[in-house]
Amino acid sequence: MSHRVLATSDIVRVKKTVLNTNDDATPRTSFATGDTIDYNLTTTIQQLPSSGDVSSITLADVLPSGLSYNYDDEVVQGDPCPLVVSNDTPGAGQTTLTWTCTLADNLPPIINFSASVNANVVSGTYTNSVVISSPSDSVSTTVERTSAVAITVNTLGSFNVAKRS
């Protein structure tokens, strides 16, 4: 018995990673208030020979409450991908970063950007996720097109002062 898979659509994917490393070059997962987190989004496109080029992709990255996007600290490799920053979206304190990439040269973009850990954040685990989409990918589920990384924020040893009346 033979099995065959019939691909009917182009497939787009994204992988999100943290670029910060520890002294031993292992990926860093723990941060403190005021730290900068360097993120990388690497996209891939698997094309069907008969489908032509993938003409556009959209990346929507939601920074959790407690992290702030660092403006002017973004590098895009590949075709241009204009960025729209939406504060308090989808919820209070969250920030959605949306890149819409027109792929004139059919090069999957690589995007590097950073976020800072806010001073008023509480200790805990914060998950940052990104979803890629394309009109050319009509078969992939959202789960297949999503990538996420979790970081731990440790505020022990630091303190905040607030005046109360």
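A salt bridge is taken here as a side-chain nitrogen of Lys or Arg within 4 Å of a carboxyl oxygen of Asp or Glu. By that criterion, Lys-16 and Asp-61 form a salt bridge, with their closest N and O atoms 2.3 Å apart. The model is predicted: local features need pLDDT of at least 70 and side-chain atom pairs count only at pLDDT 80 or more, while totals for chains, interfaces and linings use all residues. Residues are numbered from 1 along each chain as its sequence is written, and side-chain values use heavy atoms, with hydrogens and water left out.

**Conventions**

- Helices (H or I, at least four residues) and strands (E, at least two) are DSSP runs, numbered from the N terminus.
- Buried denotes under 20% relative accessible area, exposed over 50%, and partly exposed the range in between (1.4 Å probe, protein chains only).

**Salt bridges**

- Side chains of opposite charge can pair when their charged atoms come close.
- The structure holds three salt bridges.
- Lys-16 is buried, as is Asp-61. In the salt bridge of these two residues, the closest N and O atoms are 2.3 Å apart. Because Lys-16 lies in strand β1 and Asp-61 in strand β4 (residues 56-63), the pair ties together parts that are 45 residues apart in sequence.
- Asp-137 forms a salt bridge with Arg-13, where the closest N and O atoms are 3.8 Å apart. This pair links distant parts of the chain, 124 residues apart: Asp-137 is in the loop between β10 (124-133) and β11 (146-153), and Arg-13 is in strand β1 (residues 11-18).
- Asp-137 is buried, with a relative accessible area of 8%, whereas Arg-13 counts as partly exposed at 24% relative accessibility.
- Arg-28 and Asp-35 meet through their side chains in a salt bridge (2.7 Å, N to O). Arg-28 is partly exposed at 23% relative accessibility, and Asp-35 is partly exposed with a relative accessible area of 21%.

**Open sheet**

- Six strands form an open sheet of mixed pairing, in the order β2-β11-β10-β4-β8-β7. Its edge strands, β2 (30-31) and β7 (83-87), each pair on one side only.
- Two strands are counted as paired if DSSP finds at least two bridges between them. Strands of a sheet pair through backbone hydrogen bonds, either parallel or antiparallel.
- β2 and β11 pair in the parallel sense over two bridges; Ser-30 has Thr-152 as its bridge partner in β11.
- β10 and β11 run antiparallel and are joined by eight bridges; Val-131 has Thr-146 as its bridge partner in β11.
- In a regular strand the side chains alternate between the two faces of the sheet. The covered face of β11 has Ser-147, Val-149, Ile-151 and Val-153, and the uncovered face has Thr-146, Ala-148, Ala-150 and Thr-152.

**Disulfide**

- A disulfide is a covalent bond between the sulfur atoms of two cysteines; the criterion applied is a pair of cysteine sulfur atoms within 2.5 Å.
- The structure holds one disulfide, formed by Cys-81 and Cys-101 with their sulfur atoms 2.2 Å apart.
- The link of Cys-81 and Cys-101 is right-handed, with 120° about the S-S bond. Cys-81 lies in the loop between β6 (75-77) and β7 and Cys-101 in strand β8 (residues 95-102), so the pair ties together parts that are 20 residues apart in sequence.
- Cys-81 counts as buried at 7% relative accessibility, and Cys-101 is buried with a relative accessible area of 0%.
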